[in-house]
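The structure comes first, then the points by topic.

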Amino acid sequence: MATLKVGVLTVSDRCSRGESEDKSGPNLIKLVCEAFNSSGTVETRYGCVQDEKDVISARLVAMSDEEGCQLIVSTGGTGFSQRDVTPEATESVIERRAPGLSTAMLVKSLEITPLAMLSRGVCGIRGRCLIVNLPGSLKASTECFRIIRPALQHALDLLRDSPDVARTHEVLAASHATKSSSVAAAHGHGSHQGHGEKHHHHHDHHHEHSAHHHQHHAGHAGHDSHSADSQHSCQHHRATSAPSDHHSTRSTDHHHHSHQHHHQQHHHDQ
C-alpha cells in the first residue's frame, strides 16, 4: 500500500510562543490517521508558526515541496482579526483554488452556527499537494474536517493519477444506479398497491351486489338466504346485514305459503 504524507500546521501567535497549548493540531493528526489508515501507511508532519504571512507561506512550501506532503491541513488564522492572514498566505502559494471544499464547509457549518460566515478559509492545489485551511478552535476544526473527509481520498487520488480514480467512479455509478432502482421500485410498488386496493374494493362491491341480487331471487324461489351467502368469498363484509336479510327471506316464504294455502282453500270451497 502507498504511503500518504500529511502535514498539519497550526497557526497561532500564542501557541508558537508556548503561551497556550495547541489542542487543534494534535487532534487533526489523530483525525487524519483515523481517516486514512485503512488506505495505507500515514506519515504526518507537524508545525506550529506565528500569524505572519511570510512565515506561514514558507512553512506551506516546505511541507509541500521539500517534505513531499500530499495533503496539508492548517488550523487557525482564518477569521477577521488583523493578525488572521492564513488565507492570504495560502493564496500566495497555491496554483489552483478548490472552492468546492470551502463551500461545503461553509454551508454545513452554517447549519451549526451563523458565525461560520465569518470564516475566510481557502482551499487549493500546489503541484500534487492539496492545502486546506480550517478554523482555529478544536470544535470547529473537527467539524470542518469531518465535512470534507468523504471527498479527500478521491481528491488525493486525482492529484497523483491513481488507478483508484476509475474504481471510485464505478462504485459511485453503481451506488447511484442502486438508489435509482430502489426509488423506482418503491414508487412502482406504491402505484401497484394503490391499483390493487381499488381493484379489491371494486371486486368486493361487485360480489356484495351479486350476493344481494342472488338472495333477492332466492327469496322468491323459497331458498335459504344463508345458502346464498355461503357461495361468496366476500360474505364477511355482509355479516351485519345478514340477519335482517334472512328474516326478510323467511317472511317472503311465509307470505308465499299463506297465499298458496288460501288458493287451495278457495279451490276446495268451489
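The largest pocket has a volume of about 480 Å³. This is a predicted model. The second largest pocket holds about 320 Å³ of space.

**Largest pocket**
- Its lining counts 23 residues.
- Ser109, Ala116, Ser119, Pro135 and Cys144 lie nearest the centre of this pocket.
- Helix H5 (99-110) and helix H6 (138-159) each give at least two residues to the lining.
- H5 supplies the largest share, with 6 residues.
- By class, the lining splits into 11 nonpolar, 8 polar and 4 charged residues.

**Second largest pocket**
- About 320 Å³ of space lies in this pocket.
- Its lining has 17 residues, and Ser39, Gln153, His154, Asp157 and Thr168 are the closest to its centre.
- Two or more lining residues come from each of H6 and helix H7 (164-221).
- H6 makes the largest contribution here, 6 residues.
- The lining of the second largest pocket contains 6 nonpolar, 6 polar and 5 charged residues.

**Chain as a whole**
- The chain has 9 helices and 6 strands.
- It runs to 270 residues, and 35% of them count as buried.
- Take the contacts between residues at least 6 apart in sequence: 73% of these join residues at least 24 apart.

Notes
Residues are numbered from 1 along each chain as its sequence is written. This is a predicted model: local features need pLDDT of at least 70, side-chain atom pairs count only at pLDDT 80 or more; totals for chains, interfaces and linings use all residues. Side-chain values use heavy atoms; hydrogens and water are left out. Helices (H or I, at least four residues) and strands (E, at least two) are DSSP runs, numbered from the N terminus. Buried means under 20% relative accessible area, exposed over 50%, partly exposed in between (1.4 Å probe, protein chains only). Contact means heavy atoms within 4.5 Å. On a 1 Å grid over the protein atoms alone, a cavity is a set of points where a 1.4 Å probe fits but cannot get out, and a pocket is an open set with protein on both sides within 12 Å along at least five of seven lines; lining residues have an atom within 4 Å of a point. Grid points are joined across faces, edges and corners, and a volume is the space filled by probe spheres set on the points. Ala, Val, Leu, Ile, Met, Phe, Trp, Tyr, Cys and Pro count as nonpolar, Asp, Glu, Lys and Arg as charged, and the others, Gly among them, as polar.
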